[in-house]
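Please open the model in your viewer and keep the selection tool at hand. The stops below are meant to be taken in order.

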Amino acid sequence: MKRTPAFYRGCLVGGAIGDALGWPVEFDSYETILAKYGSGGIRDLQPGDAGAAEITDDTQMTLFTAEGILRAESRGRQKGIAHSPSAVYYAYQRWLLTQGYPKYDGYAWAYKSWLLDVQELYARRAPGHSCLSALSSRTIGTAERPINDSKGCGGVMRAAPAGLFYPKEQAFDMAVKYAALTHGHPSGYLSAGALAYLVAAIIEGQSLEAAVAATLGVLPGYTGHEECTRCLQSAVRLAQQDRPDVEAIAELGEGWVGEEALGIAVYCALKHARDFRQALIAAVNHSGDSDSTGAITGNILGAALGYDRIPADWAAGVELQDVLLRVADDLLAYRLAGQLEPTRYPGD
Ligand SMILES: [Mg+2]
């Protein structure tokens, strides 16, 4: 069992590092990355305007996922009933506010949050279209009543906290519900369920390889799983081969859609399972959605290796490290001992 600060912190800070490492090259082809950063590609965090390496919507929304989960638990404790997908929906409405959208009168009560006091979270760094349009429609999407047909990776990139918080079977179902708020295609929400399950299995003590195999074992129980299953199977197969990472990743896709982003991240984590730095470098140096594939790889390998095996210069150099550590510790404190700071997490 890995219910200790090292692995919770590793998962969230690891994800933020991957996000920040990939952000400068998110929209660059592999050739452009090499032209800009040399033949090894981008290999280190780049300082942003304020000094620290900048995180993007992937990490911002991950923080709001965690906040929504904890506020649901808080409400459950106060009122005896809570619906965690609703609480996460309102957390995402707070994220939407940070992205420059107006407050919605119907949700006036929901705009009180310590995260809204974190000025850095108001940076707008290429937020995903599906998230923005679904949330600004003020309609709650579900897998049963899909809000659109999007299978973008915006659902999976923010799902890791579900795996840190819930036991693995429940983590899958919860992450599906959180992702379906904005992504209506099965590959958009099942990829999120699969990531949460994978993270939970790792936290529950399974090896990375066993956790991936277990994830492949549960996916077929869900309608529309085929694309996710196929991509994960390919990731496992490619990780056992001795090919250049960029070639293997190109075979999996570009990561703009959920199943490909998950497949690329699982490939990078398996291939470089003992080397966080090398895994993250592989995860961002390709022609696809580098910050999201970096973020998900960092979530997985950070949970597997723990915070102490993340390069210290990277952990120190990423934006909002203090906020990420606090949220990781808050998730763990609740999981371990039912401790919850009601001023930080009022019941929704
Ligand atoms: Mg991003």
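This is a predicted model: local features need pLDDT of at least 70, side-chain atom pairs count only at pLDDT 80 or more; totals for chains, interfaces and linings use all residues.

Residues are numbered from 1 along each chain as its sequence is written, and side-chain values use heavy atoms, with hydrogens and water left out.

Start by selecting T56, D57, D58, D289, D291 and S292, which an unreviewed UniProt entry annotates as "binding site"; such annotations may be inferred rather than shown by experiment. These residues are spread over 237 residues of sequence, yet they cluster in space, with a largest C-alpha distance of 12.5 Å.

Next, select D57, which lies in helix α3, residues 57-79 (a helix is a DSSP run of H or I, at least four residues, numbered from the N terminus). D57 counts as buried because its relative accessibility is 5%, where buried means under 20% relative accessible area with a 1.4 Å probe and protein chains only. Leaving out residues up to four places away in sequence, D57 touches W95, R125, A126, P127, G128, M157 and D291, a contact being heavy atoms within 4.5 Å.

Then move to D58, also in helix α3 and buried, with a relative accessible area of 1%. Beyond its neighbours within four places in sequence, D58 is in contact with D19, M157, R158, D291, S292 and A295.

Conventions: Helices (H or I, at least four residues) and strands (E, at least two) are DSSP runs, numbered from the N terminus. Buried means under 20% relative accessible area, exposed over 50%, partly exposed in between (1.4 Å probe, protein chains only).
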